[in-house]
Amino acid sequence: MVQALNNSNLNTINNSDKLAVIDFSAMWCNPCKQLEPVYEELSNEIEEADFYKVDIDAEQELAGKFNIISVPTIVLIKNGQELSRISGFQGKEFLKGKLLSNI
């Protein structure tokens, strides 16, 4: 399940030892639209991680905190520390491998 992330619930990822997978995207972004069903599938398959989505237009301040300069960008965080970033559309198998290697 993918949850919306905003400034009011940001502490949930900083206070968790579970991998947080954050998809920064925008409604006008075609690669983001391509990623959406893949991301949803992964959120249902990988129970060891929490999946979040941030609309950069609605959450500009949050996107700024994470220095997001292009979309889609997926940020992996564990124990409050950024582990990795994936920019641009990537296929399901690549993403799954990357996520599982960070759990």
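1. The structure is a predicted model, in which local features need pLDDT of at least 70 and side-chain atom pairs count only at pLDDT 80 or more, while totals for chains, interfaces and linings use all residues. Residues are numbered from 1 along each chain as its sequence is written, and side-chain values use heavy atoms, with hydrogens and water left out.

2. Five strands form an open sheet in the order S1-S3-S2-S4-S5, with mixed pairing; strands (E, at least two residues) and helices (H or I, at least four) are DSSP runs numbered from the N terminus, and two strands pair if DSSP finds at least two bridges between them. Strand S1 (2-4) and strand S5 (81-87) stand at the edges with a single partner strand each, so one side of each has no neighbour in the sheet. On average, neighbouring strands are turned by 25 degrees against each other, direction ignored, the axes being lines fitted to C-alpha atoms, for helices over the stretch in contact, and angles running from 0 to 180 degrees between N-to-C directions.

3. Strand S4 (residues 73-78) pairs with S2 in the antiparallel sense over five bridges, and along this pairing alanine 20 stands opposite isoleucine 77, while phenylalanine 24 stands opposite threonine 73. Helix H4 (residues 92-100) packs on the sheet and touches S2, strand S3 (49-55), S4 and S5, its direction making about 170 degrees with that of S5; contact here means heavy atoms within 4.5 Å.

4. S4 also runs antiparallel to S5, to which six bridges join it, and the bridge partner of leucine 76 in S5 is serine 84. The hairpin of these two strands has two residues between them, and asparagine 79 takes a positive phi near 55 degrees there. Because five of its six residues are buried, S4 is largely enclosed by the rest of the structure, where buried means under 20% relative accessible area, exposed over 50% and partly exposed in between (1.4 Å probe, protein chains only).

5. Serine 16 belongs to the loop between helix H1 (11-14) and strand S2 (19-25), and with a relative accessible area of 16% this serine is buried. Leaving aside residues up to four places away in sequence, serine 16 touches Asp50, Lys78, Asn79 and Gly80. A polar atom of the serine 16 side chain lies 3.0 Å from the backbone nitrogen of lysine 18.

Note on methods:
Polar contact = N/O pair within 3.5 Å; in protein donor to acceptor, adjacent residues only side chain to side chain.
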